[in-house]
Amino acid sequence: METLVFQTKIGTGSLTWDQNDQDTRINSIIIENCMKSVQTWCKKLSFKYKFITEDLNWNYHFKSKNDVQLNRALQNWKHLPQQGYDQIIYLDNDIFVLPDTGLPSQVDFGMVPRFGDQLLIARYYLGEDVMWWNAGVIIMSQDRCKNLCSWMLDKIPTARNSLLFCELPREESLIAEYCSFNKPTKLDYKWNLIPSQTPKPLFKKRRGFLHLLGTDKQKTLNLFPESVRNMVINNVRYLNAG
């Protein structure tokens, strides 16, 4: 089976705002280390790897905190391949692959759900049975990828017409709407480990995807146990160098 792992880094590669040059530099260091871990994992499992930096210069007005970066993030749906693979694994560029990680689940459409205020808002607009899915890790068949890309590209230009997106202008709002009538498989939480929502014993297994989400990557990194931090940044002192 031909599997493609797909990542992008367009602009700074992070949904950041109100940050100085030092913050941006630290984020870049962490993102680069994350992407290296993904590339190493792909080589181990003989997966194809595709990395995109091309900016299509979209200029949709979403009224978010950072329309420039949101426009860049949503370009993924234009860049994702429409044919040629059996399975596509989309990973945000702030995903770090733990060293003992093996094969992921083989599903038509799989993500990890998250809980919090966003879920309550999504259920208000879309119904009580919807889930809030983190879009940092998406496992798809080629047919599912083509279908989802087509839906997203139709939806993005008029995203402000969506009541959920108007209140929460982010990619996951559109994903939640799509998933309200295309139910994904719920993946094991190891495939999208977020520090604030993961029991610490799970980190000892050294298997899965760490997700250093958020606008301040160092702050997120500091929430992980020290052993995990050292895997992401081999020399933490370099991270703090001026």
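**Buried helix and aromatic pairs**

Me: Which residues are buried in H7?
Reply: The model is a predicted one. A residue counts as buried because its relative accessible area is under 20%. In H7, those that are buried are Glu-171, Glu-172, Ser-173, Leu-174, Ile-175, Ala-176, Glu-177, Tyr-178 and Cys-179.

Me: How many residues of helix H7 are buried?
Reply: Helix H7 covers residues 171-179 and is mostly covered. Of its nine residues, the number buried is nine.

Me: Is Tyr-124 buried or exposed?
Reply: The relative accessibility of Tyr-124 is 65%. The cut-off for exposed is over 50%, so Tyr-124 counts as exposed.

Me: Which class of accessibility does Tyr-125 fall into?
Reply: Tyr-125 lies in helix H4, residues 117-126. Its relative accessibility is 30%.

Me: Which residues make the nonpolar surface patch of about 370 Å²?
Reply: Tyr-125, one of the residues of this patch, belongs to helix H4.

Me: What kind of aromatic pair do Tyr-124 and Tyr-125 form?
Reply: The count of aromatic pairs comes to twelve. For Tyr-124 and Tyr-125, the rings are 5.0 Å apart centre to centre, with 85 degrees between the planes. Planes over 60 degrees apart meet the cut-off, so this pair is edge-to-face.

Me: Which residues do ring pairs link into a cluster?
Reply: Rings pair if their centres lie within 6.5 Å. The cluster that ring pairs link consists of Trp-41, Phe-47, Trp-191 and Phe-209.

Technical notes
Residues are numbered from 1 along each chain as its sequence is written. This is a predicted model: local features need pLDDT of at least 70, side-chain atom pairs count only at pLDDT 80 or more; totals for chains, interfaces and linings use all residues. Side-chain values use heavy atoms; hydrogens and water are left out. Patches are made of residues with over 30% relative accessible area and no salt bridge: like charges are joined within 9 Å, nonpolar side chains (Val, Leu, Ile, Met, Phe, Trp, Tyr) within 5 Å. Accessible areas come from the Shrake-Rupley method with a 1.4 Å probe; for residues, only the protein chains shown count as cover. A salt bridge is a side-chain nitrogen of Lys or Arg within 4 Å of a carboxyl oxygen of Asp or Glu. Helices (H or I, at least four residues) and strands (E, at least two) are DSSP runs, numbered from the N terminus. Buried means under 20% relative accessible area, exposed over 50%, partly exposed in between (1.4 Å probe, protein chains only). Rings of Phe, Tyr and Trp (its six-membered ring) pair if their centres lie within 6.5 Å; planes under 30 degrees apart count as stacked, over 60 as edge-to-face and the rest as tilted.
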